[in-house]
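Please keep the sequence and the coordinates at hand while reading.

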Amino acid sequence: MQCSKQKGTLYEMIFIAECMKRGLHPHDSPGDYLAHDSLVLNNAGEVFRVQVKGTNTSDERGRRMPRYRVTAKSSNTANHHGLDCTKVDVLAAYVGITETWYIIPCLKVEARRAVWLFPSNPDSKGQFEKYKENWDYFF
């Protein structure tokens, strides 16, 4: 069984690989003292500060389709507040069991500690479903 630090590192590596497959230029941020995990550079020279989070654990209580909770705060944040959008531009949330990415602008999650995602439900009206596989955000 992996500890949460190992899982976080794995999600960050998967994110970097996915960026490269899509023609983006990711740069890993060393250490855990910054609010972002990665910088992403597009071909126009724009830079995005990205916080990467992920999960493989679903919540299926009384549901036809599972939902997944992803924490929406920086790893180095001791408090229980959401992301600081003066330091992060994007939350990249990964649901490993379905290999689905959500590329969510920070301002859409700023006040939240977590987001609920529904990658297995094509009819979901969930608030963040419009950001599923939203890789165009970087272009």
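**Salt bridges and strand pairing**

The structure holds 6 salt bridges, a salt bridge being a side-chain nitrogen of Lys or Arg within 4 Å of a carboxyl oxygen of Asp or Glu. The model is predicted, so that local features need pLDDT of at least 70 and side-chain atom pairs count only at pLDDT 80 or more, while totals for chains, interfaces and linings use all residues. Residues are numbered from 1 along each chain as its sequence is written, and side-chain values use heavy atoms, with hydrogens and water left out.

Side chains of opposite charge can pair when their charged atoms come close. One of the salt bridges links lysine 21 to glutamate 18, with the closest N and O atoms 3.4 Å apart. These two residues lie 3 residues apart in helix 1 (residues 4-21) and are therefore separated by about one helical turn. Helices here are DSSP runs of H or I with at least four residues, strands are runs of E with at least two, and both are numbered from the N terminus. Lysine 21 is exposed, at a relative accessible area of 65%, whereas glutamate 18 is buried, at 15%. In these terms, buried means under 20% relative accessible area, exposed means over 50%, and partly exposed lies in between (1.4 Å probe, protein chains only).

A further salt bridge joins lysine 132 and glutamate 129, whose closest N and O atoms are 3.5 Å apart. Lysine 132 is partly exposed at 28%, while glutamate 129 is buried at 12%. Through shared partners, salt bridges also connect Glu18, Lys21, Arg22 and Glu133 into one network. Elsewhere, the side chains of lysine 87 and aspartate 84 meet at 3.9 Å, N to O. Both partners are partly exposed, lysine 87 with a relative accessible area of 45% and aspartate 84 with 32%.

The strands come next. Strand 1 (residues 25-28) pairs with strand 2 in the antiparallel sense over 4 bridges; strands count as paired if DSSP finds at least two bridges between them. Within this pairing, aspartate 28 stands opposite serine 38 of strand 2. Strand 2 is also joined to strand 3 (residues 47-55) by 4 bridges, again antiparallel, and leucine 39 has arginine 49 in strand 3 as its bridge partner. Strands 2 and 3 form a hairpin with 5 residues between them, and glycine 45 in the turn has a positive phi of about 90 degrees.
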